[in-house]
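Here is a short note for a colleague opening this structure for the first time. Please read it with the model on screen.

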Amino acid sequence: PADATASAAPASAASAGGGAEPVAGAAGPGGGAAVSERDGWPPLPKRTRRRGLGGTRRAMLSGRARWALRVVAVAVPLALWAVVSSLGVVDPTFLPSPAAVAEAFAEMAASGQLLSDAAASLGRVAAGFGLAVAISVPLGMAMGTSPVALALLEPVIGLLRYLPASAFIPLLIIWLGLGEPSKIAILVIGVVFFNTLMTADAVRAVPGELRRAAATLGATPGEVLRKVVWPYALPGMLDAMRVNAAAAWNFVVVAELIAAESGLGYRIIRAQRFLQTDRIFAVLVVIGLIGLALDVGLRLVRARAGRWTA
């Protein structure tokens, strides 16, 4: 009876399961190994994972395709501009043709106006933006690392950043006169508050685990700030500078309204008085090219300083 019970148990289990799938390596009726149904399946293809920005899957463009898209992005607006101006849809006084703008550009470049005006505006932007960065980076570092500094500075800076820089022009003329200091002060006011808050955000983004791990390994607060917080937050701070460098170029036109005798903004205002729209377009092209060069330079610095983030 015991032998009969033991032999009946496997049979009942097999009938309850409706028949078990053969397992690779199990003994078959002839004493050999039973072949699994999966042995005949083809192997899965190997797939390469391509990732773009942010770790998301994205098809990567070749260098040739990327440059082709860039050329198209510039050529299409120029072609539309040329077509509209050639059809006479808009009066040339208000929308000059690309050829007229190129002629005005060549004329201003040959006379030396563009070079001197660009140098004057670059000097003002460099002074104002550099001073704003020198003020905002220490303040942002303090706000990002110290709760006391954050509580003291954030309400004031959060309020002042909503005040338009152009509203300070009358006060700056009274306080600093009509010379270069008032023009540079406009740029500082327009950049410093935004850059401070963006720098503080970049510093607060440093994971607390990194700070605690460095402190556990014996790093002093100064070493944590210098060797952990600063390298981690530097790419974010450079991104903030890229954004605010564009804002500085916007404010330079406003700054050069204050009794300026040179500068790209001054040249635009002067051309406006005589309806010289071709010259205005030529100056705008110069401003765009200089801004693009500055942005590319900051991007290269960011790529070099934050290679570990790539």
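1. Start with helix 5. Its buried residues are Ala-149, Ile-157 and Gly-158. The cover over these buried residues includes helix 4 (113–145) and helix 7 (180–204). Please keep in mind that this is a predicted model.

2. Next, the shape of helix 5. The helix runs over residues 147–160 and has 14 residues. From first C-alpha to last, helix 5 reaches 20 Å, close to the 20 Å expected at 1.5 Å a residue. Helix 5 also has a kink of about 35 degrees. The kink lies at Leu-153, shortly before the proline Pro-155.

3. Now the chain as a whole. It has eleven helices and zero strands. From the N terminus on, the elements run α-α-α-α-α-α-α-α-α-α-α. The chain has 310 residues, and buried residues make up 28% of them. Take the contacts with a separation of 6 or more: residues 24 or more positions apart account for 66% of these.

4. How many salt bridges does the structure hold? The count is nine. In general, side chains of opposite charge can pair when their charged atoms come close.

5. Glu-107 forms a salt bridge with Arg-279. The closest N and O atoms are 3.1 Å apart. Glu-107 lies in helix 3 (residues 98–111) and Arg-279 in helix 11 (residues 277–305), so the pair ties together parts that are 172 residues apart in sequence. Are the two partners buried or partly exposed? Glu-107 is partly exposed, because its relative accessibility is 46%. Arg-279 has a relative accessible area of 17%, so this residue counts as buried. The cut-off for buried is under 20%.

6. Arg-124 forms a salt bridge with Glu-180, and here the closest N and O atoms are 3.0 Å apart. This pair also links distant parts of the chain: Arg-124 is in helix 4 and Glu-180 in helix 7, 56 residues apart. Arg-124 is at 5% relative accessibility and therefore counts as buried. Glu-180 is partly exposed, with a relative accessible area of 36%.

7. Asp-201 forms a salt bridge with Arg-204. Its closest N and O atoms are 2.5 Å apart. Where do the two residues lie? Both are in helix 7, three residues apart, about one turn of the helix. An α-helix has 3.6 residues a turn, so residues three or four places apart point the same way. Asp-201 is partly exposed, at a relative accessible area of 43%. Arg-204 is partly exposed too, at 37%.

8. Some salt bridges share partners. They join Asp-239, Arg-242, Asp-295 and Arg-302 into one network. Find these four residues in the model and look at them together.

9. Last, the rings. Which residue lies over the face of Trp-67? Arg-70 does, at 4.7 Å from the ring centre.

Key. Residues are numbered from 1 along each chain as its sequence is written. This is a predicted model: local features need pLDDT of at least 70, side-chain atom pairs count only at pLDDT 80 or more; totals for chains, interfaces and linings use all residues. Side-chain values use heavy atoms; hydrogens and water are left out. A charge sits over a ring if NZ of Lys or CZ of Arg is within 6 Å of the ring centre and within 35 degrees of the ring normal. Helices (H or I, at least four residues) and strands (E, at least two) are DSSP runs, numbered from the N terminus. The expected span of a helix is 1.5 Å times one less than its number of residues. The bend at a residue is the angle between axes fitted to the seven residues ending there and the seven starting there. Buried means under 20% relative accessible area, exposed over 50%, partly exposed in between (1.4 Å probe, protein chains only). Contact means heavy atoms within 4.5 Å. A salt bridge is a side-chain nitrogen of Lys or Arg within 4 Å of a carboxyl oxygen of Asp or Glu.
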